[in-house]
Amino acid sequence: MGAWIDTNTRVLVQGLTGREGKFHALAGRDYGTKVVAGVTPGKGGTDVEGIPVFNTVHEAVRETGANASLLFVPPPAAADGIMEAADAGVALVVAITEGIPVNDMIRAKAFLKERPGVRLIGPNCPGIIRPSAKVKLGIMPARIHKPGKVGIVSRSGTLTYEAVGQTSALGLGQSTCIGIGGDPINGTNFIDALTLFAEDPETEAVVMIGEIGGSAEEEAAAWIRKNMRKPVASFIAGRTAPPGRRMGHAGAIISGGKGTAAEKVAALRAAGVHVADSPALIGETLMKAIAG
Amino acid sequence: MKVHEYQAKEILRAYGVATPRGRVTDSPEEARQIAKELGGRAVVKAQIHAGGRGKGGGVKLAKSPDEAFELAKQIIGMQLVTHQTGPEGRKVKKVLVEEAAQIAQELYLGITLDRAIGKPVLMASRFGGMEIEEVAHRDPSAILKEPFDAQTGLQPFQARKVAYALGLTGDTHKKAVPFLIALAKAYVETDASLAEINPLMITAQGDVVALDAKMNFDDNALYRHSTIKEYRDLDEEDPLEVEASKFSLNYIKLDGNVGCMVNGAGLAMATMDIIQYAGGMPANFLDVGGGANEEQVQNAMRIILSDRNVKGVLINIFGGIMRCDIIATGVVHAVKEIGCTIPVVVRLEGTNVEEGKAILKSSGLAVIPADGMKDAAEKIIAAVGKGN
């Protein structure tokens, strides 16, 4: 498995003509990303600051050779947008949209299953950035990132920035940062990202940020125990979260006594992961993990 | 979103799920009338969102219409306290008056999302009337799990399998199969996140009936279910949370005394965690979101400060999309308007951080600046005092 994004990544933006789509497409282009097309049904033939807009993803791919999609489509139409991108044959779909109904995502995932060449990141995520290649598909502030050796994977956006800030301050920098999103049904999961980091020559250490709800962290812990040879530090958000309440993210909920931070921390520690007790100690904990 | 039992039963009935005969009312007089229609004997059930109503005294059997009147009079208006309501309890506005059937057996049914496999899963157990978590804790093998495809629905063979596993035979088995299929269909088509029948009653006559029903719905899908959306009962929610939802703010009230305002759900949870790590207790979860404007920030601050337990506020912003100057302006406006007298610690990082800090400084307000999360948490705990 190679890197998911590099200098050959040609990005089309679904929802380019919207406020957020435009803002982040241009910020991505300023950073160095090749943003080659936009897609908004009904606005084909226009352009946004020189980026041509098409009516369909198929057309955008055919005309511009785009091979990745960054999606800002509003929730009711977002799953449809994901399927359109997958059908048009892009290799990577990064869905930023928050608030997609669960049933829509179940449908989209069934659709993606028949197209194994397509990777979905998100939804409800900040996206992916690779500082060494100056490529980003997402909404993260580029300037806090520094090229370096730490792979970061997280269910949360701003908490990822916190980890980025701390690893930048320590001079470690980042290889690739991947936000997998805060929804209960998502595309890329922790194990996918960890597999990438395990094989990626740029990545020497890993930060994994989880939160309450579901069992993705426990599954990742089992994978790490068996497969991971690089040091891993972690933080799990939501130790103080009350059960039965959704903490902002649709997926961040302790239900039926399951999905607590304590369970996740225990599973990760048992797998040899260094878990920070405080979000302010992510960088420090990573240094300890690296030192062994 | 949660709904009341009587609303869940209304939804389920439309899909062909059998429920007891009966109606909801807010009047004792009507309760008497309903009991009369049901033949005299009736169960009077308090309608609040919390579980544990029976143990709290909110579910009673009436042996006559007059007794139904008395019980309804007693229950309507009471502050019902259960293990899920907190000590202050919940005010009962309505009762469901239903026929009192002869119960032969109580079973459990529930459908929810299995996140690990990304499919709905039907759970069934012979231990009806008990909380499923408790059953799972005592004996996980007592819960049968049958995942099904959301698009094709629960298939008859799956329903048969589950019904046999529950020990149902003969006519009762034949009645259980369409019941299960209807329940699964209702779950998928209404975008539910939970459909729970606990207990599922097998009557003395062998009928399969939903004695109780609980449904929760995917908030993100409510836009396509206008009828269900109208079932929202604001009285069942915390008033501050209702107020926050008007401004699209993600606010959850907690029991501590350190209010917090954060951007991003993960960072907001982590901020609660670090407050506790530093020796304090968070008063709330509050995510102002990625693209909040000044007005939202101002309202967020107002809502935090209207919680009487709050003795200090920690504002923790790592601006990505969110600009620090917008946060700063909103905070300054809110504090000036409300006249905040408690300590406020502000940690700003990211987009337009210098502008944000300048706005706070020139405002003349006594906000305490902090560098990083650790510093911020320690400063607010020092200002509020530990263990309060």
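Which residues is B:N198 in contact with, leaving aside its neighbours within four places in sequence? In this predicted model, the answer is B:L107, B:Y108, B:G128, B:G129, B:M130 and B:D212.

**Around B:N198**

B:N198 belongs to strand β10 of chain B, which spans residues 192–203. Is B:N198 buried or exposed? B:N198 counts as buried because its relative accessible area is 17%, and the cut-off for buried is under 20%.

| Side chain | Backbone atom | Distance |
|---|---|---|
| B:N198 | nitrogen of B:G129 | 2.7 Å |
| B:N198 | oxygen of B:M130 | 2.9 Å |

**The open sheet and its helices**

Chain B also holds an open sheet of four strands, in the order β1-β6-β2-β3, with antiparallel pairing. Its edge strands are β1 (22–25) and β3, each pairing on one side only. From one strand to the next, the twist averages 20 degrees. Take β2(B) and β3(B) as an example: four bridges join them in the antiparallel sense, and B:V44 has B:K60 in β3(B) as its bridge partner.

Two helices lie across these strands. α3(B) lies across β2, β3 and β6 of chain B, at about 160 degrees to β3(B).

Which residues of α3(B) are buried? Within this helix (residues 65–75), they are B:P65, B:A68, B:F69, B:L71, B:A72 and B:I75. An α-helix has 3.6 residues a turn, so residues three or four places apart point the same way. The cover over the buried residues of α3(B) includes α2 (28–37), β2 (42–46), β3 (59–62) and β6 (95–99) of chain B. Just after the helix, B:G77 adopts a positive phi of about 95 degrees.

**Where chain B meets chain A**

Here 42 residues of chain B are in contact with 53 residues of chain A. The two chains bury about 3700 Å² between them, with carbon and sulfur atoms giving 62% of that area. On the chain B side, B:R115, B:M269 and B:F318 lose the most area to chain A, together 19% of what that side buries.

Three salt bridges cross the interface of chain B and chain A. B:E241 forms a salt bridge with A:R245, and their closest N and O atoms are 2.7 Å apart. Eleven residue pairs are in polar contact between the chains. Which element gives the most to the side of chain B that touches chain A? That is α9(B), with ten residues.

Key
Residues are numbered from 1 along each chain as its sequence is written. Chains are lettered from A and ligands numbered from 1 in the order in which they are written. This is a predicted model: local features need pLDDT of at least 70, side-chain atom pairs count only at pLDDT 80 or more; totals for chains, interfaces and linings use all residues. Side-chain values use heavy atoms; hydrogens and water are left out. Buried means under 20% relative accessible area, exposed over 50%, partly exposed in between (1.4 Å probe, protein chains only). Contact means heavy atoms within 4.5 Å. A polar contact is a pair of N or O atoms within 3.5 Å; within protein, one must be able to donate a hydrogen and the other to accept it, and residues adjacent in sequence count only if both atoms are side-chain atoms. Two strands pair if DSSP finds at least two bridges between them. Axes are lines fitted to C-alpha atoms, for helices over the stretch in contact, and angles run from 0 to 180 degrees between N-to-C directions. Buried area is the accessible area (1.4 Å probe) that two parts lose on being put together, summed over both. A salt bridge is a side-chain nitrogen of Lys or Arg within 4 Å of a carboxyl oxygen of Asp or Glu.
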